[in-house]
Amino acid sequence: MVSSEVNRGSHLSRLSDGRAQSSTIGVALVFGFVIVGSVLIVALGTTALGDAQQNLGEDRAEKALTQFDSKTALVALGNTDTQRVTFGQGSSNDFNVKNGTGWMRITIDNQTDSSGPKTLLNQSMGSVVYENERTTLAYQGGGVWRQQSDNSQMISPPEFHFRNGTLTLPVVNVTGEQRLRDSATITHKRTTKQFPNTTKDKEFENPLTEHRVKVTVQSDYYRGWGNYFEERTTGEVEYDHDRDIVNLTLVTPFDKNSVSSASASLAASGDFILQGSAAEDCRGNKSYSNSYNSSASGDYCSQPVGVNGDIVYGGDVDIESGTGGSNIYGDVVSGEIVTVSGSGGTGQVDVYGNINYTVDCKTSGGGGRNPDCTDRIISPDGELNQIDDVESVPDISRVVNDTVYRLKDSNDNSGAPISSDRLDFSSNEVTLTAGEYYVEKIDFDGDEDKINFDTSGGNITIAVRGDVEMPSGSDIEVTGGNNTKMYVNGESAVSDGDGWTFDMNGDTDVTVEDSVASNFRVYGQEDFKFRINSGENHKFTGVIFAPPGQSGSGEVEIASGHVRGGILTGTTTISNSGSIHYDEALQNKRIISQSAQVVTVTYLHVSINEVEVTD
């Protein structure tokens, strides 16, 4: 019994001890949870409080810099000499003036000469900056910007205004004390007019004609600048992320919208060369160039031979190797040297017009200016003249490229004889009516294939990403009285690789109803290459408008066949029965429409506006 009681007591004692230990552990756990919870609450609360404080600080700084922006504009643009802005209580040491945190450069490039771009402004830009651990807010160049990580965005726009062809750009540069307290004073230092400014450069005047304007901004906030350019202009925006740079390019309207001569380069480069004899046309005339008038009465073959087949090139004009009694019925104009035959025999090339040169006119085999050049002038009133230069035309590469890719994205291919962006020649003849179309390239399936552009219901536009290949026996016909515009990009990825952008090689024809050349227009890039090698009885009727600009490598080869209309491109060679017959009606036709301009800037107003910011 005693033993049993003892054992029972020991058991009760152990139970009591276990309950005591459990109670102690429970209390400890409760305290632990309370402590951990408190720590978490404090930590999370501290983080939330920190985030809230940062948000409040950023909101306050954004409002302060927006107010600073508006008051700086008053000073910079001359409305007042000084302004004072308050940043708010507790903002001491939050705002800093940083000098030279970026720069802006503006250049203009006259596309009608080879002088290259001129810099009209190259200006550093300071900024007023607010920074915390995650965000930078800054006033720079007349705008307020927010920077987080590698991205920046605009809060308020810079002093950059582009509207109706006028760019107004008062560049604002702030300088001053490094650290600001609760407020700042903004003081006007100076304003310097950069453009127009004929004192600085005689060409710095409005209106601009055929110029390329380029605005370059280097800044930590370049992405924000770029987004602004993309939203507020239709210019070309390009980024250089490695150097924190954004470029905006604007172009001016094309002053040269017509084709005013039979064949022209109208660029700093581009030659005209004669080799061999010309082709005889249905009028019984054998000449390298002459003219007709599609707006006059009578068809082409019944009209008299016109003498407006001018040859105008920015480079050399070499007609010494022409033979067979073939002549030029029009003026010869060269931006460099004209070379004619010095032979006294028959069959040499004569000119029924003036010979105009910039550098020299010489006969083959002789050096220097040779008066015998006048022997090649047949017209009684024709003259030999030295001129200052030859009018130039910028390339239209961007217009062509933009049109091609616009129609690639949106076109009227549905329902037309076009399959997988290729013309469907299953019935040998493809007919397109009024509308806008896109094809990868034009390559005829067989030698009996034909394209009929039926414009009786309206104009046709067709964009060709690659090239146009016309094998022997294929034809293009334009009917209906309205016009067809063909934009040929010539991209090698979808071209046939023979080097010609538009190739008529064999017995092929491009005809237009009543020989109205303006009703078929082919637009090309600066390196557009056209060849007609179709035989003396075949022809291309239309306009080729592909000026090479200052650096293009455009080329035309008229190896055999007639061109009725006009050509504006690079170096041209006529050989083996080739001829150009200029349509005088083109004088009054706008070949590049105003709607084809991607973006235009005609008036430019640029100034540097310096302000000083002090505490």
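Predicted model: local features only at pLDDT ≥ 70, side-chain atom pairs only at ≥ 80, totals over all residues.

Tutor: Counting ring pairs gives 21 aromatic pairs. One of them joins Tyr 222 and Tyr 239: the ring centres are 6.3 Å apart, and because the planes meet at 65 degrees, which is over 60, the pair is edge-to-face. Tyr 222 belongs to helix α2, residues 222–232, whereas Tyr 239 belongs to strand β12, residues 236–240, so this contact ties together parts that are 17 residues apart in sequence. The two partners can also be described by their accessibility. Tyr 222 has a relative accessibility of 4% and therefore counts as buried, while Tyr 239, at 29%, counts as partly exposed.

A further pair is formed by Tyr 292 and Tyr 300. Here the centres lie 4.9 Å apart and the planes are at 80 degrees, so this pair is edge-to-face. Tyr 292 is buried, with a relative accessible area of 2%, and Tyr 300 is buried as well, with 5%. The ring of Tyr 300 also has charged groups over it. The charged end of Arg 283 sits over this ring at 4.3 Å from its centre, and the charged end of Arg 564 sits over the ring of Tyr 300 at 3.6 Å from the centre. Tyr 300 thus takes part in a ring pair with Tyr 292 and has the charged ends of Arg 283 and Arg 564 over its ring.

Finally, ring pairs also build a cluster, whose members are Trp 145, Phe 160, Trp 225, Tyr 228 and Phe 229.

Methods:
Residues numbered from 1 in each chain as written. Heavy atoms only, no water. Phe/Tyr/Trp six-rings, centres within 6.5 Å; stacked < 30°, edge-to-face > 60°. Helix = DSSP H or I, 4+ residues; strand = E, 2+ residues; numbered from the N terminus. Buried < 20%, exposed > 50% of the residue type's maximum accessible area, 1.4 Å probe, protein only. Lys NZ or Arg CZ within 6 Å of the ring centre and 35° of its normal.
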